[in-house]
Amino acid sequence: MRDGIFVLTPENTVIAFIGTGVMGKSMAGHLLEAGFPLIVYNRTKEKAEELLKKGAQWADSPKEAAKKANVIFTIVGYPYDVEEVYLGEDGLVSNAKENSYIIDMTTSTPSLAKRIYEEALKRGIYAIDAPVSGGDIGAREARLAIMAGGDKESFDEVRPLLEKLGTNIVYQGPAGSGQHTKMCNQIAIATNMIGVSEALVYAKKAGLDPETVLKSISTGAAGSFSLSNLAPRMLKGDFEPGFYIKHFIKDMKIALDEAEKMEVDFPGLSLAKSMYEQLAESGESESGTQALYKYWKE
């Protein structure tokens, strides 16, 4: 590692952002608005058009982006996407510059995060796993929760950039710690989403106005992000994704796999996963997680 903290500024930093989907587009936009030169890559170029119109440059591949930048953010779909983007023959680890930073914000496996960190370190590259929580709203409003793993010095150096994306930024420990923390987050959300959905169904069955009920319970002991932000969407019939069901199922599977390694049983998480899988099988995999409400509606 370098002596002292290296300060990243728009004058000495070129950022590449790989993955400009529901969340990535907003996140990359905040970095661009902060004055940083920005290079973007996405498998579907159309999803990056808005950023390109605002001044971002296009890269034809992660490899090309890596060769032009010294800070690289990624937020892609699945662990196999992360592995390809980082460890593939034309991936970031093989092509990023020495002393550059690679920051994966995808929810992925802790073991893969450690592997990326170790391979990057061999090449003098600083890897951080920094998954996020807050969905499309948090990404759009730059108030994501960011949970980071990796070397503390590297985290401190990239923290000013993370502060352009979120408001609750916490260093959790060595490589993989960010991903383990994100699993805690998803475990807490999984059964909470069941409770939120059941509360709204109960309110309707009891002849109450669910919106009025929300005014009482969303600020009390039952309060949660899901109750305040996703329950209103449920009632409006708005099931557009802030976070895809297909990705949530992926996260729950990772958490259950990790729990199995720890020899601990999570019946609540298992139930939530099975309910979401039923929805996905009925055609809701591209819907937002608030579509769990349809489990009772259909």
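**A serine and its surroundings**

Modeller: Start with the side chains of Ser-287 and Glu-284, which a polar contact of 2.4 Å joins.

Biologist: What makes that pair a polar contact?

Modeller: A polar contact is a pair of N or O atoms within 3.5 Å; within protein, one must be able to donate a hydrogen and the other to accept it, and residues adjacent in sequence count only if both atoms are side-chain atoms. The value here is 2.4 Å, so the pair qualifies. This is a predicted model: local features need pLDDT of at least 70, side-chain atom pairs count only at pLDDT 80 or more, and totals for chains, interfaces and linings use all residues. Residues are numbered from 1 along each chain as its sequence is written, and side-chain values use heavy atoms, leaving out hydrogens and water.

Biologist: Why is Ser-287 called buried?

Modeller: Its relative accessibility is 11%. Buried means under 20% relative accessible area, exposed over 50%, partly exposed in between (1.4 Å probe, protein chains only). So Ser-287 counts as buried.

Biologist: Where does Ser-287 lie?

Modeller: In the loop between helix H13 (267-284) and helix H14 (294-297). Helices are DSSP runs (H or I, at least four residues), numbered from the N terminus.

Biologist: What makes H10 roughly antiparallel to H11?

Modeller: Helix H10 (residues 210-217) and helix H11 (residues 225-236) pack at about 175°. Angles run from 0 to 180 degrees between N-to-C directions. Those over 145 count as roughly antiparallel. That makes H10 roughly antiparallel to H11.

Technical notes
Helices (H or I, at least four residues) and strands (E, at least two) are DSSP runs, numbered from the N terminus. Angles under 35 degrees count as roughly parallel, over 145 as roughly antiparallel, 65 to 115 as roughly perpendicular and the rest as oblique.
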